[in-house]
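Thanks for coming. Please have the sequence and the model open while I talk, and hold comments until the end.

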Amino acid sequence: MLTLRTYAVLLALVLMPAVAQARSEGTDPLSYSGPAWSPYVVGALIGVLVCLTLLLSNKPVGASTAYARVAGMLGKLVAPRHTESLKYFQDEKPKVDWEVMFVLGAVGGAFLAAWHGSELTGEWLPPMWTARFGANSLPLRLATVFGGGAFMAFGARMAGGCTSGHGISGALQLSVGSWIALICFFLGGMAVALPMYRL
Amino acid sequence: MTPKELVQESIAVAEPPLPKADLPKPSPPEKLQATQLVLGVLLGIVFGVLLQKGGVAKYHILIGALLLEDFTVMKVMLTAIVVGMVGVLTLHHWGLIQLHIKPTRYAANIIGGLLFGVGFGLMAYCPGTGAAAVGQGNFDALFGVVGLVAGSYLFAEASGVLQRTVNTWGDRGKITLADLFHVRRVPFAAVFVPVLVLVLVALEMFTTR
């Protein structure tokens, strides 16, 4: 004789694929808007931009260092002596420098571009995330993004750069470490994103 | 006349004007620094415009890259590498720029790269595209910025130990792919660039986006 409990388990088993499917609707990245400009045009212009930053500022394009500068400046406000005792901040003095200005500029540039193309999102949850994790998943998303950011910055500093610094500037100068890091960025990312969306 | 002007006047009287060549230049380091900060913002704005227009500030395009379903990110990056490689090597050949080759440390590149990747999968944004995502209005990226700052500080905490351990494992210095094949950079690029272009052609032929 089937008890109520077994019924519940059976019902859940029958419903599970249906629930999973319903949740997976909208998790096809190609069902959302593509890039406004051709990726080849954008890529070529980024290549030119790297030449310009080297010519005008003697700097390769990079983004992750800016966050470390800000971390050091905040650290100096809260715990100045401890922050100054740390090896990294002794080698790399925390201050508002070219890198920080570059990343601030990128925020502004993206705003202008999105505004120009009527692509300003103004949303807390990306639609594809909502399709997978539900509309009530804001705390989960914010925790994921915060933790992800921490992992990413730690990894970037250890590897010596990020998707811009290693992936573009380093790779185009043929640095062996940059190509290794770039491959590892994508391997690590796939190892997390595939189970998140395709299991 | 204010006291300050009086002092200046007396100096001017006391010291005859120096020949022009001996005049101290108006503090070039500070002025240069300010110019560079302004240049940083301007070049950053261009970078932000390109990232947003290239679609790589969008969550679904970045996650799509990691799911191997949307190849926009690969197309942008590979094209940037090809064009940048030709441009940078040419400018360097003409003596107009210095190269900034990042050091190769096998263990740090691999472990750090994989840790970065874990963050990449969780967040989808990266340090550059995250800034662009904030500008575009993806508010979740703001928490990513906070996480990136926190992670940077955490790394600084560990930097002393890491420098004595991980950084020394497989430390090869500033080697390039050309060095691995015992050829010079320019001939190497002359072969490598067409290979990368072929990859781009294949991507264009076999992917929807």
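In this predicted model, α4(B) is largely enclosed by the rest of the structure, because 16 of its 22 residues are buried. Buried means that 20 or more other C-beta atoms lie within 10 Å of the residue's own; exposed means 12 or fewer, partly exposed is in between, and the C-beta atoms are placed from the backbone. Helices here are DSSP runs of H or I with at least four residues, strands are runs of E with at least two, and both are numbered from the N terminus.

How far apart are the end C-alpha atoms of α4(B)? They are 31 Å apart, which agrees with the 32 Å that 22 residues should span at 1.5 Å a residue. The expected span is 1.5 Å times one less than the number of residues in the helix. After α4(B) comes B:Gly95, with a positive phi near 75 degrees.

Some bookkeeping. Residues are numbered from 1 along each chain as its sequence is written, while chains are lettered from A and ligands numbered from 1 in the order in which they are written. Since this is a predicted model, local features need pLDDT of at least 70 and side-chain atom pairs count only at pLDDT 80 or more, whereas totals for chains, interfaces and linings use all residues.

Confidence next. The model scores ipTM 0.89 and pTM 0.88. For pLDDT, the predictor's confidence in each residue from 0 to 100, chain A averages 92, and 88% of its residues score at least 70. The stretch at residues 16-22 of chain A is below 50 and has zero contacts in the model beyond near neighbours in sequence. A contact means two residues whose C-beta atoms, placed from the backbone, lie within 7 Å. Chain B averages a pLDDT of 91, with 87% of residues at 70 or above. Residues 4-21 of chain B stay under 50, and the model gives them two contacts beyond four places in sequence.

Now the rest of chain B. Chain B has nine helices and two strands, in the order α-α-α-α-β-α-α-α-β-α-α from the N terminus. Chain B has 209 residues, of which 46% count as buried. Among its contacts with a separation of 6 or more, 62% come from residues 24 or more positions apart.

Chain A has ten helices and zero strands. Buried residues are 49% of its 199 residues. Of the contacts in chain A between residues at least 6 apart in sequence, 58% join residues at least 24 apart.

Which helix of chain A gives the most to the side that touches chain B? First the totals: the contact takes 118 residues from chain A and 111 residues from chain B. The helix that gives the most on the chain A side is α10(A), with 20 residues. That side of chain A divides into 80 nonpolar, 32 polar and six charged residues. Nonpolar covers Ala, Val, Leu, Ile, Met, Phe, Trp, Tyr, Cys and Pro; charged covers Asp, Glu, Lys and Arg; the others, Gly among them, are polar.

Two residues illustrate the contact. A:Arg157 sits in helix α8 of chain A. Is A:Arg157 buried or exposed? It is buried, because 29 other C-beta atoms lie within 10 Å. Leaving out residues up to four places away in sequence, A:Arg157 touches A:Ala68, B:Ser152 and B:Phe155. A:Ala68 is 89 residues from A:Arg157 in sequence, yet the C-alpha to C-alpha distance is 8.4 Å.

On the other chain, B:Gln36 lies in helix α2 (residues 28-53) of chain B. B:Gln36 is partly exposed, because it has 16 other C-beta atoms within 10 Å. With residues up to four places away not counted, B:Gln36 touches A:Ser57 and A:Trp98.

Helix α8 covers residues 138-159, 22 residues in total, and reaches 31 Å from its first C-alpha to its last, close to the expected 32 Å. Just after α8(A), A:Gly160 takes a positive phi of about 100 degrees.

Last, α9(A). Eight of the eight residues of α9(A) are buried, so this helix is largely enclosed by the rest of the structure. Its cover includes α2, α3, α8 and α10 of chain A together with α4 (72-93) of chain B, which is where I started. Just after α9(A), A:Leu174 has a positive phi of about 70 degrees.
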